[in-house]
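Welcome, and thanks for taking a look at this one with us. Please keep the sequence and the 3D view side by side while you read.

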Amino acid sequence: MKFIGIIPARYASTRFPGKPLALLGGKPMIQRVYEQVKETVDRVCVATDDERIEAAVKAFGGNVVMTSDQHRSGTDRCEEAYQKVGEPFDVIINIQGDEPFIHPEQIETIKRCFEDESVDIATLVKPFAADGDFESTLFNPNSPKVVVNKRMEAMYFSRSIVPYIRAKKYTEWLSAHVFYKHIGMYAYRADVLKEITALPPSSLEIAESLEQLRWLENGYTIKAGITDVETIGIDTPQDLERAEEFLKSHGL
């Protein structure tokens, strides 16, 4: 199978304008993401609507595709970029541009999901630590949870805590059940990506502001690969400061 990794990158961000170009360890963040994944796929490119990001990617020798500034999501941007690449691939992997510490093994995990021919879409999940802090993990609406079936197919994603553990105090929930945190990387078969980007927003998607619920509502199968790698997403300048400390402490 042939895999292409596409990294959607917008300059405009409410909480952190210019985030893809923010320097992390002396390199633009978008470059760090690119370098982390380029050896794991057959091709990788950045999809952007901003000439400053385009210039930065070209400066470090990366592939970049200019796309519309009207896209509602990274998935929509990936579809346009894939069509503009003009080369057929079996699977498109949508890689978050604000995850500079994404691990190559995570890419390999999501690729293995497509060994099952019935899989339409794949994503990653990570078990919450049983001894984790309830307030900053399960109770955090910015950390979506996912419920899976025995075949590791997603049944539902939510910003709320799912499932509800009726017989336990909430402080015991993490040790009473394996809760999964959703890691926001997606991979789609090429024909499926074209189909899902043509669908109108669904009621559940609008309610939770989670685009993957549109796909579930329309009957697509989302396979969940398990990762134990903890990544650091950069949403704010404060997150960038923590990432700098992570670089220094790990000698990266």
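Predicted model: local features only at pLDDT ≥ 70, side-chain atom pairs only at ≥ 80, totals over all residues.

The largest nonpolar core holds 33 residues, and helix α2 spans residues 51-59. There are also 9 aromatic pairs to look at.

**Nonpolar cores**

- Within the largest nonpolar core, the residues with the most contacts inside it are Ile6, Ile92, Ile121, Phe157, Tyr188, Ile196 and Trp215.
- Another core, of 28 residues, lies apart from that one, and Val37, Val44, Ile102 and Ile183 are among its members.

- Four residues of α2 are buried, namely Ile53, Glu54, Ala56 and Val57.
- Looking down the axis of α2, you will find its buried residues within an arc of 165°, so they line one face of the helix.
- As background, an α-helix has 3.6 residues a turn, so residues three or four places apart point the same way.
- What do the buried residues of α2 pack against? Their partners are β1 (3-9), α1 (29-37), β4 (43-48) and β5 (64-66).
- On the face of α2 turned away from the buried side sit the exposed residues Glu51, Lys58 and Ala59.

**Aromatic rings and charges over them**

- A cluster linked by ring pairs brings together Phe134, Phe139, Tyr164, Tyr170 and Trp173.
- Tyr164 and Trp173 make an edge-to-face pair, with 5.0 Å from centre to centre and 75° between the planes.
- Is Tyr164 buried or exposed? Tyr164 has a relative accessible area of 63%, which is over 50%, so Tyr164 is exposed.
- Trp173, in turn, has a relative accessibility of 5%; this is under 20%, and Trp173 therefore counts as buried.
- Arg52 lies over the face of Tyr11, at 3.6 Å from the ring centre.
- For Lys111, the charged end sits over the ring of Phe3, 5.2 Å from the centre of that ring.

**Thr48, in strand β4**

- Thr48 lies in strand β4, and with 0% relative accessibility Thr48 counts as buried.
- A polar atom of the Thr48 side chain lies 2.7 Å from the backbone oxygen of Ala9.
- Not counting residues up to four places away in sequence, Thr48 touches Ala9, Ile53, Glu54, Val64, Val65, Met66, Thr67 and Arg77.
- Two of those contacts, Ile53 and Glu54, are buried residues of α2.

- Where does Asn63 lie? Asn63 is in the loop between α2 and β5.
- With a relative accessibility of 34%, Asn63 counts as partly exposed.
- The Asn63 side chain reaches the backbone oxygen of Val44 at 3.1 Å, and Val44 is also a member of the core of 28 residues.
- Setting aside neighbours within four places in sequence, Asn63 is in contact with Tyr34, Arg43, Val44, Cys45, Val46 and Val57.
- Asn63 and Val85 are 22 residues apart in sequence, with 9.9 Å between their C-alpha atoms.

Notes: Residues numbered from 1 in each chain as written. Heavy atoms only, no water. Core = buried A, V, L, I, M, F, W, Y, C linked by side-chain atoms within 4.5 Å. Buried < 20%, exposed > 50% of the residue type's maximum accessible area, 1.4 Å probe, protein only. Helix = DSSP H or I, 4+ residues; strand = E, 2+ residues; numbered from the N terminus. Arc of directions from axis to C-beta. Contact = heavy atoms within 4.5 Å. Phe/Tyr/Trp six-rings, centres within 6.5 Å; stacked < 30°, edge-to-face > 60°. Lys NZ or Arg CZ within 6 Å of the ring centre and 35° of its normal. Polar contact = N/O pair within 3.5 Å; in protein donor to acceptor, adjacent residues only side chain to side chain.
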